[in-house]
Amino acid sequence: MRKFLIATHGQLASGLKSALDLIIGEQEGVFTLNAYANGNESIGKALDELLLNVQEGEELLVFTDIMAGSITNQVIQRTAHLPHVHTVSGVNLALLIELVLSDQAEPIVDTIERAVEQAKKQVVYVDKMINKEEDND
């Protein structure tokens, strides 16, 4: 079984989960960690507790917002030695949908690599795309 953790600065994690639930319905095993929000100055303790709840045979995908951010750094410090935990930085809704709905029988590394490539395609400068299409007419 795969579990998913969305860990971000502020309330972004909760907002992403809310949007995810709206689009695909509430999913079991999706957790959030809103860092530096509501007086939560450190996510270390929350991360440690969550990692203790990952059972043998489960995989944990951790989504963070900024690659060089403190949240990603804390996640990596705690999980770099854990082969069943995978971290993806630069989370967006398309990436979440792709991975949460992915086939759990597919190897996780392949699933993550494919989903990251698909999510990159969702980052588009729409005005430029529209203007380019109009220029071709």
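**Notebook: a look around the model**

I started at Asp 21, which counts as partly exposed at 22% relative accessibility. My scale: buried means under 20% relative accessible area, exposed over 50%, and partly exposed in between, with a 1.4 Å probe and protein chains only. Before going on, I noted that this is a predicted model, so to speak of local features I need pLDDT of at least 70, side-chain atom pairs count only at pLDDT 80 or more, and totals for chains, interfaces and linings use all residues. I also noted that residues are numbered from 1 along each chain as its sequence is written, and that side-chain values use heavy atoms, with hydrogens and water left out.

**Entry 1: Asp 21 and its partner**

Which side chain does Asp 21 meet in a salt bridge? I found Lys 17, at 2.8 Å from N to O. A salt bridge here is a side-chain nitrogen of Lys or Arg within 4 Å of a carboxyl oxygen of Asp or Glu. Side chains of opposite charge can pair when their charged atoms come close. Asp 21 and Lys 17 both sit in helix 1 (residues 12-24), and because they are four residues apart there, about one helical turn separates them. Is Lys 17 buried or exposed? Lys 17 is buried, at 13% relative accessible area, whereas Asp 21 is partly exposed.

**Entry 2: the whole chain**

I stepped back and counted six helices and four strands. Helices (H or I, at least four residues) and strands (E, at least two) are DSSP runs, numbered from the N terminus. Along the sequence I read the pattern β-α-β-α-β-α-β-α-α-α. The C-alpha atoms fill a box of roughly 60 × 40 × 30 Å, taken along the principal axes. Of the 137 residues, 37% are buried. I then looked at contacts (heavy atoms within 4.5 Å). Among those with a separation of 6 or more, 71% join residues 24 or more positions apart. The protein exposes about 8100 Å², and carbon and sulfur atoms supply 52% of that. Accessible areas come from the Shrake-Rupley method with a 1.4 Å probe, and for residues only the protein chains shown count as cover.

**Entry 3: more salt bridges**

How many salt bridges does the structure hold? The total is seven. One of them joins Glu 106 to Arg 114, with the closest N and O atoms 2.8 Å apart. Glu 106 is partly exposed at 22%, and Arg 114 is partly exposed at 33%. I followed these two further and found that Glu 98, Glu 106 and Arg 114 are linked in a network of salt bridges.

Another salt bridge pairs Glu 117 with Lys 120, the closest N and O atoms being 3.2 Å apart. Both residues lie in helix 5 (residues 108-120), three residues apart, which is about one turn of the helix. Glu 117 is partly exposed, with a relative accessible area of 42%.

**Entry 4: Thr 111**

I stayed in helix 5 for Thr 111. Is Thr 111 buried or exposed? It is buried, at 0% relative accessibility. What is Thr 111 in contact with, leaving aside its neighbours within four places in sequence? I listed Arg 2, Leu 99, Ser 102, Asp 103 and Glu 106.

**Entry 5: a nonpolar patch**

On the surface I marked a nonpolar patch of Val 124, Val 126, Met 129 and Ile 130, with about 300 Å² of accessible area together. Patches are made of residues with over 30% relative accessible area and no salt bridge; like charges are joined within 9 Å, nonpolar side chains (Val, Leu, Ile, Met, Phe, Trp, Tyr) within 5 Å. Ile 130 lies in helix 6 (residues 126-136) and is partly exposed at 36%.

**Entry 6: loops and distances**

Where is Tyr 36 found? I found Tyr 36 in the loop between strand 2 (30-35) and helix 2 (44-52). Its phi is near 60°, a positive value in a residue other than glycine. Tyr 36 is partly exposed, at 32%.

Leu 82 lies in the loop between helix 3 and strand 4 (85-89) and is partly exposed at 21%.

Last, I checked Gln 77 in helix 3 (residues 70-79). Gln 77 counts as exposed, at 60%. From C-alpha to C-alpha, Gln 77 and Asn 136 are 50 Å apart in space, and they are 59 residues apart in sequence.
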